[in-house]
Amino acid sequence: MIRAIVTDIEGTTGSITFVHEVLFPYARRHLGAFLRRHHQEAAVARQLEAIREEAAEPDADLERLIAILEGWIQEDRKATSLKALQGMVWEAGYQAGDFTGHVYPDAAEALTRWQAAGCELYVYSSGSVQAQRLLFGHSDLGDLTPLFAGYFDTTTGPKREAESYTRIVEAIGRAPEEILFLSDVVAELDAARAAGLATCQLVREPGMTTGEHPLAASFDEVSVEEVNSDEVSSDTLNLDQARFASGGIDVRR
């Protein structure tokens, strides 16, 4: 029985285009000005020091750091310090009403239904925990953060490594086979399955690469019972009849 669900964001709960056509360009346009205004604040200064270390440029001044970050954004580098700074820029954008976070209606409806049935919900994304909370807190459909018991980002580990999912299992406090991981990326699903989790691939766009995992075109088609069995197909189950054990831990951070 599935008692907890961990979901990816891009291509799973929301559109990939929102991240690449709205969030990333916004951060690229505003990051420099944001850092020039806030670089002396402790939270920002810590990230800038981490960037100096990762770039192996301990003497880099502010303008050089901005150039490094702009390069990392261009190449879509999964640097934790960059993600943290992007989250700060996006927070300003969300609060200003410049955009709202895209969430598919079927995702919001299913997550609400599963949580009401007692299932623990978590997010695991390459975006920072801060960015995750901002997206769901300022979504097109309102504040969805009350749905989630916790969030995981790249500080837990890379999304394509099984050890990362083992850490998530330990944090949640459930048996791995009681946890379902949802993503659109085969390599992530492979890593989760290697750690013993149940898996389901969201295939929202035609022509997507698929692997040996149950498939769903939307959250309405996600099977939540016995999905970890190798014999299970991607047939839809009646989610309204699913029953979950309540309880669990809160790993919010």
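Visitor: How many helices and strands does the protein have?

Guide: There are 8 helices and 6 strands in this predicted model. Going along the sequence, they come in the pattern β-α-α-α-α-α-β-α-β-α-β-α-β-β.

Visitor: And what share of the residues counts as buried?

Guide: Of the protein's 253 residues, 51% count as buried. On contacts, take those between residues at least 6 apart in sequence: 65% of them join residues at least 24 apart.

Visitor: Let's go to pockets. What's the volume of the largest one?

Guide: The largest pocket comes out at about 300 Å³.

Visitor: Which residues lie nearest its centre?

Guide: K78, S126, K159, R160 and E188 do, out of a lining of 15 residues. Sorted by class, that lining has 8 charged, 4 polar and 3 nonpolar residues.

Visitor: OK, and the second largest pocket, how much space lies in it?

Guide: About 190 Å³. Its lining has 13 residues, and G11, I16, D184, E205 and M208 are the closest to the centre. By class, the lining of the second largest pocket splits into 5 nonpolar, 5 polar and 3 charged residues.

Visitor: Which residue with a positive phi follows α8?

Guide: That's G196, with phi near 95°.

Visitor: Switching to aromatics. How many aromatic pairs does the structure hold?

Guide: It holds 9. One of them is Y26 with F99, an edge-to-face pair at 4.9 Å centre to centre, with 80° between the planes.

Visitor: Where in the chain do those two sit?

Guide: Y26 is in helix α1 (residues 16-38), and F99 is in the loop between α4 (80-96) and α5 (105-116). They are 73 residues apart, so this pair links distant parts of the chain.

Visitor: Why do Y26 and F99 count as buried?

Guide: The cut-off for buried is under 20% relative accessible area. Y26 is buried because its value is 8%, and F99 because its value is 10%.

Visitor: Which pair is tilted?

Guide: F136 with F148 is a tilted pair, with 4.8 Å between the centres and 50° between the planes. F136 belongs to helix α6 (residues 129-137), while F148 lies in the loop between α6 and β3 (150-152), 12 residues apart. F136 is buried at 0% relative accessibility, and F148 is buried too, at 3%.

Visitor: Last one: which charged ends sit over rings?

Guide: The charged end of K159 sits over the ring of Y124, 5.4 Å from the ring centre.

Note on methods. Residues are numbered from 1 along each chain as its sequence is written. This is a predicted model: local features need pLDDT of at least 70, side-chain atom pairs count only at pLDDT 80 or more; totals for chains, interfaces and linings use all residues. Side-chain values use heavy atoms; hydrogens and water are left out. Helices (H or I, at least four residues) and strands (E, at least two) are DSSP runs, numbered from the N terminus. On a 1 Å grid over the protein atoms alone, a cavity is a set of points where a 1.4 Å probe fits but cannot get out, and a pocket is an open set with protein on both sides within 12 Å along at least five of seven lines; lining residues have an atom within 4 Å of a point. Grid points are joined across faces, edges and corners, and a volume is the space filled by probe spheres set on the points. Ala, Val, Leu, Ile, Met, Phe, Trp, Tyr, Cys and Pro count as nonpolar, Asp, Glu, Lys and Arg as charged, and the others, Gly among them, as polar. Rings of Phe, Tyr and Trp (its six-membered ring) pair if their centres lie within 6.5 Å; planes under 30 degrees apart count as stacked, over 60 as edge-to-face and the rest as tilted. Buried means under 20% relative accessible area, exposed over 50%, partly exposed in between (1.4 Å probe, protein chains only). A charge sits over a ring if NZ of Lys or CZ of Arg is within 6 Å of the ring centre and within 35 degrees of the ring normal. Contact means heavy atoms within 4.5 Å.
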